[in-house]
Amino acid sequence: MTTTAEPNWHILGAGAIGSLWASHGHLHGHPFTLILRDAQRLADYQSARGITANLGGSAQHLPLKATCPSQLGEPITHLLICAKAQQTQAAVAAIAAHLSDDAVVVLLQNGLGTAAPLMQHKPSLRLLQASTTEGVFRNGPFSIVHAGRGQTLLGQSTALTLPPMGEEFIAGIARQLSVGPLQVTPVADIDTVLWQKLLVNCAINPLTVKYRCRNGELLDNPLALQELGDIVNEIAKVNHALGYRDNETELLGRVRQVASKTALNRSSMLQDIEAGRETEIEFITGYLCRLGTELGLSLPRNQSLLTLVREA
Ligand code: KPL
C-alpha cells in the first residue's frame with residue numbers, strides 16, 4: 001500500500017491508541033515513527049525490543065520505528081497526536097523545533113481544550129481533529145490489546161477559524177491514516193462528533209472512578225444509575241444552551257448505549273487512576289464546568305465529580 005510519495009507520519013504518544021495505529025501501520029506497510037517521551041523511555045522501549053500487540057488472536061512482537069525528541073533529525077511534516085490531553089502541550093513543546101510550520105497535525109484524543117493552545121503555539125499548522133471508538137488497552141509496558149472494533153472520524157473544526165483545507169485534502173489524510181482494519185472516515189462536522197464524545201466521557205468516566213467499576217456496572221448499580229441520570233440532566237442544559245437539538249432523554253439513551261456496548265471496559269480515566277497517572281478530567285468534566293460557568297449555568301453534580309477525581 002505504501003508508495004514513495006506517502007508522507008512520513010510521526011505519532012506523538014505511545015499509549016494504547018498511538019501504539020495501535022503504529023502497530024497496524026507496521027503490519028500494513030505504512031511505517032509510522034513513534035515519538036517516545038525521552039531518551040530513557042526510548043532505551044526502555046529498545047530493551048523491550050518494540051511493542052507487544054494483541055490485535056485479535058495472539059500477541060505478536062512488533063519492532064516499530066521509534067525515536068525521542070532529542071534524537072529527532074528530519075523535520076516532522078505529518079503528526080498524529082495520540083498523547084493524552086493533559087500531556088499534549090508539554091509533548092508538543094518538546095518537539096516544536098522539529099515541527100514544520102505548516103505541518104499537518106491530527107489530534108486524536110479524549111477531551112476538549114488542547115487545540116486552541118496548539119494553534120497559538122504554531123499558527124500555521126494544518127490542524128485536523130479525530131475521534132475514535134476503537135477499544136484498546138495497555139496490559140503492560142509497551143504492550144497493547146485491541147479489544148473491540150470501533151469507528152474513527154476525522155475533520156476540520158470550525159471553532160478554530162483556520163482556512164478551510166477542503167474535502168479532498170481531508171479525504172487524502174483520512175486515507176493515509178487508514179491502515180489495515182483501522183478505517184478513518186472524513187466527516188463534515190467534527191465539532192459535533194467531538195462534543196458528543198465529550199458528553200459521553202463526562203457521564204461515564206468520572207462515575208467509573210467514583211464507583212471503581214467497569215462501564216457496564218454503572219447500569220447495574222441503582223445508585224450509580226441515578227447519578228448518571230442527574231449528570232446527564234446537567235449536561236443536557238449545556239447542550240441546549242449551545243444550540244444542540246438532542247434532549248436529555250436522547251443524551252441519556254446514547255450514554256447508556258455506550259456504557260452497555262463497552263460494558264467490560266475499565267474507562268481510560270479509571271485505568272489512569274489505578275495506574276497512579278494524571279487523568280484527563282480537566283479536559284473532560286473540567287472543560288464542561290468551565291463552559292457551564294461561561295454560560296451562567298450551575299452544574300453542581302459535575303462540579304463535585306470534578307473535585308472527586310482531582311482528589312482521587
Ligand atoms: O472513551 C471511553 C473511555 O474510556 O475513555 C469510553 C467511551 C467511556 C469507553 O471506555
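Contact here means heavy atoms within 4.5 Å. The views below show a predicted model.

**View 1. Contact of helix 6 with helix 11.** From helix 6, Trp 195, Leu 198, Leu 199, Cys 202 and Pro 206 meet Thr 285, Tyr 287, Leu 288 and Leu 291 of helix 11. By class, the residues of this contact comprise 8 nonpolar, 1 polar and no charged. Helix 11 covers residues 285-294, and its axis comes within 9 Å of that of helix 6, with a crossing of roughly 110°. The two helices, helix 6 and helix 11, are therefore roughly perpendicular to each other.

**View 2. Packing of helix 6 with helix 8.** Helix 6 spans residues 190-211 and helix 8 spans residues 222-241; the two pack at an angle of about 150°, and their axes lie 10 Å apart. This angle makes helix 6 roughly antiparallel to helix 8, because angles over 145 degrees count as roughly antiparallel. The crossing of helix 6 past helix 8 is right-handed. On the helix 6 side, the contact is made by Trp 195, Leu 199, Cys 202, Ala 203, Leu 207, Lys 210 and Tyr 211. Helix 8 contributes Leu 223, Ala 224, Glu 227, Leu 228, Ile 231, Val 232, Ile 235, Val 238 and Asn 239. The residues of this contact between helix 6 and helix 8 divide into 13 nonpolar, 1 polar and 2 charged.

**View 3. Crossing of helix 6 and helix 9.** The axis of helix 9 (residues 248-261) comes within 10 Å of the helix 6 axis, and the two cross at roughly 70°. Helix 6 is thus roughly perpendicular to helix 9. Gln 196, Leu 199, Val 200, Ala 203 and Ile 204 of helix 6 form the contact with Leu 251, Arg 254, Val 255, Val 258 and Ala 259 of helix 9. Among the residues of the contact of helix 6 with helix 9 are 8 nonpolar, 1 polar and 1 charged.

**View 4. Interface of domain 1 and domain 2.** The protein chain is divided into domain 1, residues 9-188, and domain 2, residues 193-311. Taken over C-alpha atoms, the centres of domain 1 and domain 2 are separated by 25 Å. Domain 1 supplies 16 residues to the contact, and domain 2 supplies 17 residues. Between them, domain 1 and domain 2 bury about 1,500 Å², of which 58% is on carbon and sulfur atoms. Within domain 1, the residues that lose the most area to domain 2 are Gln 86, Asn 110 and Leu 112, which together account for 46% of what that side buries.

Key:
Residues are numbered from 1 along each chain as its sequence is written. This is a predicted model: local features need pLDDT of at least 70, side-chain atom pairs count only at pLDDT 80 or more; totals for chains, interfaces and linings use all residues. Side-chain values use heavy atoms; hydrogens and water are left out. Axes are lines fitted to C-alpha atoms, for helices over the stretch in contact, and angles run from 0 to 180 degrees between N-to-C directions. Helices (H or I, at least four residues) and strands (E, at least two) are DSSP runs, numbered from the N terminus. Angles under 35 degrees count as roughly parallel, over 145 as roughly antiparallel, 65 to 115 as roughly perpendicular and the rest as oblique. A crossing is left-handed if the near helix is turned anticlockwise from the far one by less than a right angle, and right-handed if clockwise. Ala, Val, Leu, Ile, Met, Phe, Trp, Tyr, Cys and Pro count as nonpolar, Asp, Glu, Lys and Arg as charged, and the others, Gly among them, as polar. Domain bounds come from an automatic or database domain assignment. Buried area is the accessible area (1.4 Å probe) that two parts lose on being put together, summed over both.
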